[in-house]
Amino acid sequence: MTRANRPRLIARTELRRRWRTTKDNTTQLLAMAFAALMLLPFSVGGVFGAYLAGGFVAGNETAPLIEWSRMAFVYGWISVVGFGGYRAYAVALRPDTLDGLLTTVSHRDVIGGLVLTELALWSAVFLTVGSAAAVAFAVGAGSLLTIPALLLALCLVLATGIPAGFILALGVRNAGVRSRLLSRLRTLFLLLLGVGYLALIFTNAFASALEPLYRVLAPTPVDWFGDLAAMGLGIGASPLRAVGAVGFTVVFAVAAIASLFRLAEWLWYADGVHVTHEIERSDDGSPWFGGLSRVLSQPVFGVVAVDWKRARRSPLSLSFALYPLIVLAGPTVTAVQTGEIGTGLPLWVLISGTWIAGSLFALNVVGQEGAALPVTLLSEAPERSLVVGHVVSGALLIAPITVAATVFSGVLSPHSVPVVASLGASALVLSAASGAIATGIGVGFPRFDAVSVSRSTKAIVPSVFAFAIYSVVVLVVALPTVIAHSGIAGHALASVVGVDRFVIGLVGTVVSTVLACLVGVGSMYIARDRVRGHRLG
Amino acid sequence: MSAIETHELTKRFGTETAVEGLDLTVDRGTVYGFLGPNGAGKTTTMRMLTSLTRPTDGEAWIDGNPVSDRDAIRASIGYLPEEPPVFDELTGREQLEYFGRLRDLPAAETETRIADWLDRFDLTDDADKRIDDYSKGMRQKIGLIQALLHEPDVVFLDEPTSGLDPRAARTVLDVIADLTDDGHTVFLSTHILSVVEELADVVGVLYEGDLVTEGSPAELTARMEAEDGTTLEDVFLSVTAERGPTASGAIPENAGRVTDRRDGRVADDGRVADDGRVDDDGRVADDGRGEDR
């Protein structure tokens, strides 16, 4: 086998493996089908838009079209590098059985195969839609020469953008394996990056954030792809720059290959910094733990203590519980943008806190025991310690934060003090009771197998069904509070009934409390029953 | 020329020393049993010898090629890590064909070899099932076949019988024995002392990064100066005993008795050198160090 064939063989095998993995995962397959369905209108719209754009170009002699073409391709290139780099960082650069590959073929073959894999995946998507768009654009513009020119420009963007993304990702990974600080704070950095990305999307500031990058790249050959794409349109594209784009790609490819080889070698043969876990400080002797151990029975205290230790030492395994924060993003961004806190934000805070408090530890009381489950089940009254312990650990951790955040945002909102007080009472009851609500649902749909919560971390998390049902139930229980405290509905109810807003809020709190107690007690009863009767295998 | 040779091979991770000044010579066509407790540095040594990890100091050669020459090393070695490097999404046959092609083996010959190996390991009927559905033992067998498919001169096996039932383990042991008959060299790391006792021509025991004793199984047991019936396990327990008092305060019996890295002897006067060495005359130097240092 020639040297060029090995990367092709590796890429082919990678693609086959990824397809089989996707094919076997019904959830992933459905998600992909759904995404494709969602993107279909955009793709069709894009193709039609390309046709319209072609017509616009053909009949326009005043607009700076060539500038727009160049700008579009520079921004396109930045996007390919960004997303390609992210995929390389998160997926491609940590191939399975790396040791087996590196003792069989060279790192050059492996990195070549991985880049080819990503190129094939990107091309499958982009060139399919891109070809249709190129044809539509050419028809609209009345210039068939545009089709090969546009397609060639697209190919060159992918051919340079994907390797550039890999180089970027390799640079980051190399820094990560060599820097103790980066290694320790990797999760924090990724979290900040994710928050920053979401913030850019929610604030519509994506283009402004990319502008400095555009300014850097505009004077470089990346700008020439726009000229190549516009050849044949008669809008002032420079043939010299178009030829230069092809030449640049060749030069870039040579430089990129050398860089990829070197960076991959540095990464895969690096010793890496060793982040050793220092001897863990035991919290059991602290006054807080001491007080708790006196209040709770020892088995329940044991479950609470272990829950908190595991959460502190492996926070990533609880990342699923942060999904409810997504509902907070919109109202929070609005509050930041307007500088005002409306009547809705305290309610969103209350709902998010309640949602998290229950899902954190109590939504998979049996499954999350993992390998320790047989021993746990053989302990004395495991149903009591497990169910009560997980409920208490979530409530003690999240309820105070939820109450404080709800009251704080409520005080800053137009709500009156009595209404804020009833809102605070709701926050306390709901966030304390949500764990109890979660337990029965969790034992009904347990999950025993660990799943990947990041590329390098596996954890036993609640099942999707349990999470979905729990979310609905918690929202139903919280609904009276939400309605009674919402600006419009609460006010309307107060006017219709002819009582003060506070009374409506209080009624909402009482109804939610009664519901939470009923559902919570029922759910805990089911959970205790199921844990008591649980048999392995 | 030796199949494997190392000189003062050292690996440090930051301030931690995983392997310290390892001197090894493994002759062609022999089985070298590499023993040591967990964390002794066995896997790190194997990773250095298979060119997966760069040594911090010292040198190593496989078939005369320095381990820094990765392309040359790859061609002459087969490696089965503790976790077999197999892809769950492929079938056993696809996995072997894939690595055969990566190794540049002619297609027809690859097929023949695969068929022979599958038959030998009783895997023919399961060859077209996905590895995802394999038991641990079956995965181990596929990993072993993969390491041997290109008939390498030197084979590195890390716990090759791990997860295998007694019958499959016997097949693996027979395969290893056959390999040496054919002139291949096997570097075998395992915790199962009976395997080493049965197969190894030379045994080296690594402890905290140091090679604390080396010799044939018979030599090592003979050096124990103990009553008849001394086993390799006794030797292992002796040379890897904690250096110093145990939790109960007592010094373990025989601890440090066989501590000479080269020949496992204690000094004639019963003293043991500070660094565990005695000179060739059986004396300890005045400074407490063996004079052969």
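Trainee: What does B:Leu188 touch, leaving out residues up to four places away in sequence?
Mentor: This is a predicted model, and in it B:Leu188 touches B:Val31, B:Tyr32, B:Gly33, B:Phe34, B:Leu157, B:Ile176, B:Val196, B:Leu199 and B:Ala200.

Trainee: Which residues have the most contacts inside the largest nonpolar core?
Mentor: B:Leu188 is one of them, along with B:Phe187, A:Ala153 and A:Phe225. That core has 132 residues.

Trainee: And which helix gives the most to this core?
Mentor: Helix α6 of chain A, residues 146-178, with 13 residues. There is also a second, separate core of 58 residues, which includes A:Ile351, A:Val392, A:Val407 and A:Ala433.

Trainee: New topic. How do α2(A) and α5(A) cross?
Mentor: The axes of α2(A), residues 26-58, and α5(A), residues 107-141, come within 7 Å and cross at roughly 30°. Angles under 35 degrees count as roughly parallel, so α2(A) and α5(A) are roughly parallel to each other.

Trainee: Left-handed or right-handed?
Mentor: The crossing of α2(A) and α5(A) is right-handed.

Trainee: Which residues meet there?
Mentor: From α2(A), they include A:Phe48, A:Tyr51 and A:Leu52. On the α5(A) side, A:Val129, A:Phe137 and A:Val139 are among them. By class, the contact has 16 nonpolar residues, five polar and no charged.

Trainee: How far is A:Val125 from A:Asn5?
Mentor: They are 24 Å apart in space, C-alpha to C-alpha, and 120 residues apart in sequence.

Trainee: Last topic, the two chains. How many residues does each give to the contact?
Mentor: Chain B gives 24 residues and chain A gives 19 residues.

Trainee: Which elements of chain B give two or more residues to that side?
Mentor: α2 (70-76), β6 (77-80) and α3 (92-102) of chain B. The largest share comes from α3(B), with four residues.

Trainee: What about the classes on the chain B side?
Mentor: The side of chain B that touches chain A has 12 nonpolar, three polar and nine charged residues. The contact of α2(A) with α5(A), to repeat, has no charged residues.

Technical notes
Residues are numbered from 1 along each chain as its sequence is written. Chains are lettered from A and ligands numbered from 1 in the order in which they are written. This is a predicted model: local features need pLDDT of at least 70, side-chain atom pairs count only at pLDDT 80 or more; totals for chains, interfaces and linings use all residues. Two residues are in contact if their C-beta atoms, placed from the backbone, lie within 7 Å. Ala, Val, Leu, Ile, Met, Phe, Trp, Tyr, Cys and Pro count as nonpolar, Asp, Glu, Lys and Arg as charged, and the others, Gly among them, as polar. A nonpolar core is a set of buried Ala, Val, Leu, Ile, Met, Phe, Trp, Tyr and Cys residues joined through C-beta atoms within 7 Å. A residue is buried if 20 or more other C-beta atoms lie within 10 Å of its own, exposed if 12 or fewer, and partly exposed in between; C-beta atoms are placed from the backbone. Axes are lines fitted to C-alpha atoms, for helices over the stretch in contact, and angles run from 0 to 180 degrees between N-to-C directions. Angles under 35 degrees count as roughly parallel, over 145 as roughly antiparallel, 65 to 115 as roughly perpendicular and the rest as oblique. A crossing is left-handed if the near helix is turned anticlockwise from the far one by less than a right angle, and right-handed if clockwise.
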